[in-house]
Amino acid sequence: MTAEENSGRAAPRPVLTVSGLSVQVATPEGAKTVVEDLSFTLNHGETLCLAGESGSGKSMTALAIMGLLPYPMARISAGSIRLADGTELAGASERALRKVRAMRISMIFQEPMTSLNPVMTIGRQLSEVLLEHKVCTRAEAPGRALELLRDVQITEAEKRLGQYPHELSGGMRQRVMIAIALACSPEILIADEPTTALDVTVQAEVLELIRALQREHGTTVLMITHDMGVVAEMADRVIVLRNGRQEEAAPVRTLFAAPETPYARELLDAVPRIGEAPARPAPDRVRHTVDVEDLSVRFPMRGGILNRVTAQLHAVEGVDFRIAPGETLALVGESGCGKSTIGKALLSLVPWQGSIRIDGQQMAGLSPRALKPIRRNVQMVFQDPGASLDARMTVGKQVAEPLVVHGLASGSELQDRVEWLFRRVGLPPDHMDRFPHEFSGGQRQRICIARALALRPKAIVADESVSALDVSVQARVLDLLRELQEEEGLAYLFISHDMAVIDQVADRVAVMNLGQIVETGSRDQVLRDPQHSYTRRLLSAVPIPDPTHLRPPVLPREGPVGSPVRPLGEDVTRFAMQEIAPGHWVADRAA
Amino acid sequence: MVMSDATIAPPPVARKRNAAWVLRELLRRPRSAFGLTVIVLMVGAAVLAPWIMPYDPNDQMFDGLSLEGAPLPPSAKFWLGTDLLGRDLFSRLILGTQTSLIIGVLANGIAVVLGATVGITAGYFGGWIGGVLMRFTDLMMAFPALLLAIVLAAIFKPSLLIVALVIAMVNWVQMARVLYTETRSLAQREFIDVQRAIGSSTWRILGRHIFPHLVYSIIVFGTLGISTTVLLEATLSYLGVGVQPPTPSWGNIIFENQTYFANAPWLVFFPGLAIVLLALSFNLLGDVLRDTLDPKLKGRH
Amino acid sequence: MWAYLIRRIGESLLILLGISLVTFVLLYLVPADPARQIAGRSATAETVANIRAQLGLDQPFHIQYIRYLGNLLHGDLGRSYLQRTEVAELIEARMPATLLLMLAAIVVELILGLTIGAVAALKRNSALDQTLMVFSFVTISAPQFVVGILLLYVFAVQLQWFPIGGYGTFAHLVLPAVTIGLLGTGWYSRMMRSSMIDVLAQDYVRTARAKGLGRLRIILRHVAPNAILPIIAMIGIDIGLFMSGIVVVESVFGWPGIGQLAWQAIQRIDIPIIMGVTLVSACFIVLGNLIADLVAPLVDPRIKLK
Amino acid sequence: QDFTEAKQGGSMIVTYKDDVSTLDPAIGYDWQNWSMIKSLFDGLMDYEPGTTELKKDLAEDYTISEDGKTFTFKLREGVKFHNGRELTAEDVKYSLDRVTNPETQSPGAGFFGSIEGYDAMAAGEADSLSGVTVIDPYTIEIKLSRPDATFLHVMAINFSSVVPKEAVEEWGQDFGKHPVGSGAFKLADWTLGQSLTFERNEDYWHEGVPKLDQITFEIGLEPIVALLRLQQGQADIPGDGIPPAKFLEVTEDPAFADFVIEGGQLHTGYITMNVKMPPFDDVKVRQAVNMAINKDRAVRIINGRAVPANQPLPPTMPGYAPDYEGYAYDPEAAKALLAEAGFPDGFETELFVYNTDPNPRIAQSFQQDLAAIGIDAEIRNLAQANVIAAGGEPDQAPMIWSGGMAWIADFPDPSNFYGPILGCDGAVQGGWNWSWYCNEELDAKAVEADAMTDPAMAEEREAKWREIYLAIMEDAPWVPVFNEQRYTMRSAKLGGPDAIFVDPVHVPVNYDYVFSNDVQ
Ligand SMILES: Nc1ncnc2c1ncn2[C@@H]1O[C@H](COP(=O)(O)OP(=O)(O)OP(=O)(O)O)[C@@H](O)[C@H]1O
Ligand SMILES: Nc1ncnc2c1ncn2[C@@H]1O[C@H](COP(=O)(O)OP(=O)(O)OP(=O)(O)O)[C@@H](O)[C@H]1O
Ligand SMILES: [Mg+2]
Ligand SMILES: [Mg+2]
Ligand code: NI
């Protein structure tokens with residue numbers, strides 16, 4: 001690590017002191033404290049990680065420091081936040097805070113997708129900060145902006161300056177956010193889950209980037225994450241939060257070596273480690289709950305005078321797989337390779353070709369009415385829990401909805417059933433009457449899981465379903481999923497970018513690239529003996545939850561990035577698959 | 001396994017919402033209480049008109065005009081003054097409430113429902129249905145409504161029903177266009193996909209999930225529509241489709257007297273005030289209703 | 001883009017065709033005999049019949065309509081029955097004034113409406129917000145005739161800042177534009193307020209604050225452009241509203257636009273003028289909607305024309 | 001009179017709300033363009049300014065044959081059209097041919113029905129009136145197919161104005177926008193929808209006329225605003241008159257009261273009752289209605305700008321019966337009469353009315369009067385064209401209030417109030433006789449009366465007409481309500497006798513004789 005370069009390490013020089021911080025949110029029942037009496041000090045040049053379960057107040061703490069708590073719902077009810085020069089931030093005026101923001105403290109928000117202004121070019125969003133704080137002149141601004149983009153290693157930086165956020169991939173947007181945050185070389189950088197939305201290879205790159213910047217500029221970093229692998233890789237010190245209170249604070253190595261509190265211990269124990277997962281019992285493969293053959297999903301790209309389809313985006317191309325009852329198939333691959341699309345096709349939410357059989361029943365060519373009973377058997381937990389919940393309906397009603405729609409329960413029976421579901425995913429049933437925005441990201445994810453379980457489906461598509469959960473909750477949710485699988489013989493299509501989690505849950509793994517499966521086989525075959533170069537690269541990027549262990553650099557990408565868009569009539573060349581071991585298929589490397 | 005619950009379990013009653021609760025919330029806030037009161041008063045005036053009018057609203061009283069034939073300003077005898085025929089303005093305003101409420105609330109309400117239906121349908125289904133509906137909306141926007149009025153006026157006996165129908169036919173367009181855009185973006189949101197996956201019927205998706213998100217736009221357009229329709233009624237009646245003299249409506253009173261407003265301002269001011277009050281009251285009510293229903297605005301420290 | 005444009009223009013032509021048909025049917029149904037109006041009071045039945053034949057009004061409906069369309073293709077809108085002038089000439093003479101007034105009114109209502117809406121949203125639920133709301137309801141509920149005359153009294157007669165009606169200079173334009181603009185102001189300000197409130201709660205506004213930007217800059221650069229998006233669709237609607245408000249305002253201010261022409265024609269059932277004006281204003285409305293749809297992607301890069 | 005001595009020069013601004021439709025004398029037939037055309041064109045005959053006395057105009061002299069069927073006009077020499085060409089008898093003939101040619105679609109063609117050869121023209125069988133002969137360049141002879149006492153008046157109405165053939169042919173249908181006449185003014189500029197400018201015709205044959213150098217007509221101003229302008233000194237004459245809303249204000253304001261001018265006009269406002277539609281087919285019902293209407297209140301509603309009427313003819317019209325009492329206002333008697341007719345509890349009916357102020361108000365006052373005797377009349381407030389259309393159907397409009405569309409005589413002759421609006425000719429589908437009253441006997445009498453062309457028999461003729469109108473009142477197809485007085489205003493800058501500002505023929509103003517005080 002780079003700790004030695006920071007002279008501050010020898011004699012810690014505090015840059016920010018938080019003492020006795022409490023944050024309250026307004027609820028119909030009155031104020032509720034979500035952060036309570038939190039105190040810590042940030043020292044120059046170090047990386048402090050706030051870890052802890054989801055909903056424990058991590059984001060609230062970060063927003064409190066920035067003076068950006070959602071008004072009028074949340075407010076600082078006690079405590080002080082003080083910069084090294086004595087500037088008090090708690091309760092400071094907007095004018096005073098403006099001077100501090102971006103110049104001295106800046107923040108990367110949890111959601112990179114919505115944090116950029118959709119109608120402003122990247123270049124302007126960048127130069128705006130520079131000009132506002134008079135870091136450079138108007139003439140120099142574009143040059144500086146370009147430099148910043150280069151610093152965060154965005155490809156084709158010149159072109160990006162003129163592009164709009166929606167034209168960039170999630171990873172790129174995250175980098176733009178980082179570039180904005182770093183524009184004025186702040187003393188302190190707060191990064192709230194900077195990599196949650198990214199696949200491992202991109203995550204590795206982003207983390208490396210933050211480290212490099214810290215190296216160059218001596219920036220102090222307050223990092224919020226639930227991923228203990230990331231903690232191990234990045235942190236100098238760690239604060240473990242729970243229910244808005246500090247559970248434990250310790251240097252990273254100490255914490256990982258000898259956690260003091262039971263909660264920290266539980267947290268660390270729950271960290272999945274790749275290659276350490278126990279072997280799973282082989283399910284019997286006589287029947288298949290999900291049987292997909294030659295599945296293709298193409299999105300038409302229109303153009304021309306008559307608005308005819310001129311090209312197609314081959315999101316999924318000729319995919320075959322089967323999932324037996326009680327079996328989990330994990331789907332991994334780079335962002336945008338078509339994973340979620342496969343999931344949606346299983347539910348007929350996108351137009352598809354090929355054959356999908358759920359529990360033996362063919363879905364192709366059925367009318368929506370005929371589809372309804374079949375659909376019941378397959379449910380999906382969507383990737384973005386925030387977006388997949390209706391902001392205007394209480395979560396209880398939303399979980400109850402599938403039951404109501406299919407007429408499965410009503411009255412008190414419905415009530416009991418929903419309460420049971422809430423309890424099963426670890427949410428107190430009295431939260432049923434709340435609205436989605438009153439929950440943290442991880443809590444929402446569990447609500448979605450509860451909703452998917454409501455219909456007792458035979459198969460569940462879990463799209464990044466545990467990505468926002470802290471490890472301990474994650475572990476419990478995974479346990480829950482496993483229990484259900486054992487009890488009811490559920491089949492899972494488990495989509496994730498977290499290889500360690502996949503290692504734990506999957507019976508078989510399929511690796512996708514550009515809409516096609518490039519490698520598939522049993523978990524051990526794929527994860528322990530990866531054959532395709534892409535699989536290898538993916539595995540090399542997985543962070544290791546051990547601060548003493550240094551991860552080797554990520555393998556470079558082989559060849560250029562492909563595009564799934566093809567003119568009409570021109571088909572994507574399909575990879576030829578070779579069976580190199582029983583059940584272990586690998587795409588022809590030449591293809 | 002209860003995992004993260006920092007809250008003390010609240011008394012479950014506080015969360016229950018029903019009509020009585022909404023009413024209490026509305027009365028608790030001064031703004032909505034005001035709106036509600038005005039609306040109740042106006043409805044009351046419309047229903048009880050025969051009993052509360054101080055004079056016969058159609059009586060062209062001899063002492064209601066000055067000797068030169070000018071209307072009289074407000075006085076102790078005629079609270080709001082008299083009109084150009086010597087009739088008591090206050091009584092006419094009260095009677096006019098009937099027509100204006102039917103137009104501003106009912107006809108406008110039909111227009112709102114129609115507009116919302118077309119806009120939401122077009123936005124949700126998109127494709128050729130949406131295309132056809134929206135082009136039809138464009139067509140209606142350019143439709144010569146006055147001409148339709150003239151034709152109807154000549155063919156049918158004038159009645160409130162026809163004017164209400166014309167207004168409903170013409171006024172849904174703006175609503176449709178605005179809701180179309182909003183629905184189109186809503187329909188692509190993931191939580192709607194979820195509903196499809198669950199197997200919710202289209203009606204359920206539209207009613208339970210899309211509609212609540214459009215409530216504010218509907219309130220804005222619906223309440224603004226009150227004023228415009230009440231005035232539009234006057235124009236249409238003028239062309240012979242709507243209520244005919246001597247039946248008063250707020251719009252008619254303004255319309256008949258607007259050229260006199262420099263000389264007899266009360267003839268325009270009071271009916272105008274009534275229209276503003278009606279629209280404003282519904283808006284206040286709508287605003288507060290929205291605030292109480294908007295989960296993000298609830299709660300207190 | 002071009003493909004989209006061509007398709008929309010095609011659709012627009014269909015709409016115009018639809019409008020022309022509807023209008024023609026309506027006019028056919030109006031029980032007023034143009035031939036009689038032309039022939040005058042002292043004419044005999046034969047004279048009236050003769051004139052009817054000359055105008056082709058004795059032909060069956062579809063022939064009349066097809067003939068009208070045929071003439072339309074040659075740019076011939078017909079000749080007014082009562083003014084005995086080419087409709088095209090009448091409309092051409094009055095169009096510039098109406099266009100000018102429309103543009104000016106849109107500018108007025110955008111400036112006033114967006115500002116008021118923005119201020120109301122920023123001061124949400126304050127006394128100022130309430131006052132502005134009352135103001136917007138008053139502007140919407142006030143009859144245009146009254147507003148127009150009131151403005152005339154105050155600004156032209158009393159203060160003498162502007163001329164008492166007429167056409168020609170910028171000073172002539174101000175009062176009519178404000179009168180029409182005030183109506184739109186109400187609509188725009190209510191819409192702007194609600195859309196601003198939505199945008200203010202967005203994450204990217206928080207990002208902007210995190211950048212340490214000034215309040216004004218956040219509002220102008222980040223909030224306003226996003227808040228305006230749903231309002232763009234209003235422009236098309238607005239032209240429709242404008243067309244209906246124009247009749248009164250034009251005659252109050254002696255503004256030589258097509259509103260007056262239309263009103264006179266409707267009162268007298270002068271069919272060629274009604275047809276002409278309806279088609280022209282339909283063109284505007286269709287064009288307004290088209291422009292609104294074309295401008296939307298310029299303001300919001302996420303929208304793709306499809 | 002001093003105004004003939006007034007110096008020439010100066011200008012004035014006249015405002016109008018509606019667009020000027022056309023200045024073609026064969027077509028123009030409305031309030032607005034009537035006197036504009038009179039100023040641009042000349043006919044053989046005209047009226048003394050401010051009066052209804054006929055005088056010779058382009059005709060220097062005329063003779064009428066014994067049988068009253070041949071008129072010979074001697075034209076004034078040296079009269080020039082605005083295009084500089086001299087006006088001759090050929091032009092007179094051309095103009096009469098043109099106005100009676102069906103292709104011209106003149107609304108005034110019917111006035112020329114008594115000229116020989118008219119029927120052939122109307123049927124499209126001839127392209128020239130056989131009765132009109134050019135004797136020499138300055139003499140023209142017109143033969144009638146029947147004696148017509150009103151013929152000289154016909155020669156004075158706009159439709160018989162003389163137009164130059166070459167200009168008509170040059171402009172074709174657009175002649176109305178590019179008028180060329182021989183009148184006191186010529187059209188200098190016409191900006192459609194905005195303004196018209198008339199300039200003095202320097203070559204006008206009539207010495208000392210017109211007085212003004214220029215008249216500007218500003219178009220498109222709401223009457224109220226027009227009056228505001230006048231009050232601010234930015235306009236000189238409100239062409240549409242004083243709007244009802246402003247009437248009391250200006251008449252009571254000492255600064256303006258002096259400039260308000262009152263005048264009579266050949267106008268009657270009346271209610272028609274459709275004698276073909278029950279219960280108005282019963283004369284008792286019609287008489288009852290006549291007794292039920294409170295005309296004084298109707299007058300008061302329009303601020304006293306009219307006098308109550310009891311017969312179709314206005315008081316200034318020859319043939320008016322000054323001693324006739326009419327039906328007095330007597331609701332009790334009306335009720336009794338109604339009961340007699342079999343409607344003791346009244347009935348329901350409809351009253352059609354043109355929707356511009358103050359007509360709906362007046363109609364509401366009638367409505368109240370009718371309600372007093374048990375008749376429940378629903379008001380149908382409609383656009384003018386709709387009302388006219390309904391009146392022209394036998395079974396559409398039981399009652400129509402004529403306000404805003406009422407008959408204003410084209411020339412001051414009693415016959416002008418009969419034919420189209422009370423005679424059998426008008427009682428046809430699409431006709432203007434909205435009461436559908438048709439009395440063959442009276443029609444015959446009317447023909448007789450019009451045959452008395454001898455000026456010596458004028459008295460007798462008048463008496464005959466008086467008889468006809470009183471007979472009509474017996475049958476009571478109308479309720480004559482009031483004769484509207486005209487009120488207008490002028491600015492202090494203008495001069496001239498009041499009569500020319502409310503000229504009974506040059507409606508609304510005789511522009512030729514208005515002068516400007518600025519140059520005196
Ligand atoms: N508007 C609100 N009303 C009520 N409770 C709220 C509101 N906003 C947040 N909370 C609560 O505040 C707590 C802290 O939320 P916060 O976003 O800080 O969690 P977090 O630690 O960042 O979790 P995650 O890792 O899931 O993002 C949560 O329990 C959440 O339910
Ligand atoms: N409705 C759609 N219309 C057009 N293209 C789409 C649509 N939905 C997805 N795509 C495209 O299909 C491809 C696959 O998308 P998908 O969401 O399946 O990716 P993913 O593998 O789930 O990625 P991530 O890990 O980022 O969630 C992407 O290129 C995406 O842009
Ligand atoms: Mg968080
Ligand atoms: Mg995905
Ligand atoms: Ni380092």
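UniProt places the feature "domain: ABC transmembrane type-1" at residues 97–286 of chain B, in an unreviewed entry. The stretch 97–286 of chain B is 83% helix and 0% strand, with its end C-alpha atoms 21 Å apart. Before going on, note that this is a predicted model, where local features need pLDDT of at least 70 and side-chain atom pairs count only at pLDDT 80 or more, while totals for chains, interfaces and linings use all residues. Residues are numbered from 1 along each chain as its sequence is written, chains are lettered from A and ligands numbered from 1 in the order in which they are written, and side-chain values use heavy atoms, leaving out hydrogens and water.

**Annotated spans in chains B and C**

- From the unreviewed UniProt entry for chain B, "transmembrane region" is listed for residues 33–53, 101–127, 139–156, 214–240 and 260–280. UniProt positions follow the numbering used here, feature names are shortened, and annotations may be inferred rather than shown by experiment.
- Take residues 33–53 of chain B: this span is 95% helix and 0% strand, and its end C-alpha atoms lie 25 Å apart. Helices here are DSSP runs (H or I, at least four residues), strands are runs of E (at least two), and both are numbered from the N terminus.
- Residues 214–240 of chain B come out at 93% helix and 0% strand, with 36 Å between the end C-alpha atoms.
- For chain C, the UniProt record (again an unreviewed entry) gives "transmembrane region" at residues 12–30, 99–122, 134–155, 167–188, 227–253 and 273–296.
- Residues 99–122 of chain C are 100% helix and 0% strand, and the end C-alpha atoms sit 34 Å apart.
- Residues 134–155 of chain C are 91% helix and 0% strand, with end C-alpha atoms 23 Å apart.

**Where chain B meets chain C**

- On the chain B side, 45 residues are in contact with 50 residues of chain C, contact meaning heavy atoms within 4.5 Å.
- About 4,400 Å² is buried between chain B and chain C, and carbon and sulfur atoms give 76% of that. Buried area is the accessible area (1.4 Å probe) that two parts lose on being put together, summed over both.
- In chain B, the residues that lose the most area to chain C are B:Leu147, B:Leu224 and B:Phe261, together 14% of what that side buries.
- Which side chains meet in a salt bridge here? They are B:Arg135 and C:Glu11, at 2.9 Å, N to O. A salt bridge is a side-chain nitrogen of Lys or Arg within 4 Å of a carboxyl oxygen of Asp or Glu, and the count between chain B and chain C is one.
- Four residue pairs (both at pLDDT 80 or more) are in polar contact between chain B and chain C. A polar contact is a pair of N or O atoms within 3.5 Å; within protein, one must be able to donate a hydrogen and the other to accept it, and residues adjacent in sequence count only if both atoms are side-chain atoms.
- Five helices of chain B each supply at least two residues of the side that touches chain C: α4 (127–141), α5 (145–155), α6 (160–187), α8 (202–238) and α10 (266–293).

**Where chain D meets chain C**

- Here 48 residues of chain D are in contact with 45 residues of chain C.
- The area buried between chain D and chain C is about 4,100 Å², with 49% given by carbon and sulfur atoms.
- Two salt bridges are found across the interface of chain D and chain C. D:Asp174 and C:Arg79 meet through their side chains in a salt bridge of 3.1 Å, N to O.
- Between chain D and chain C, 13 residue pairs (both at pLDDT 80 or more) are in polar contact.

**Ligands beside chain A**

- Ligand 1 is surrounded by 21 residues, the closest being A:Gly55, A:Lys58, A:Ser59, A:Met60 and A:Glu438. A residue counts as near a molecule or strand if one of its heavy atoms lies within 4 Å of it.
- A polar backbone atom of A:Gly57 is 3.0 Å from an oxygen atom of ligand 1.
- Around ligand 2, the residues include A:Phe299, A:Lys339 and A:Gln383.
- For A:Thr341, a polar side-chain atom lies 2.4 Å from an oxygen atom of ligand 2.
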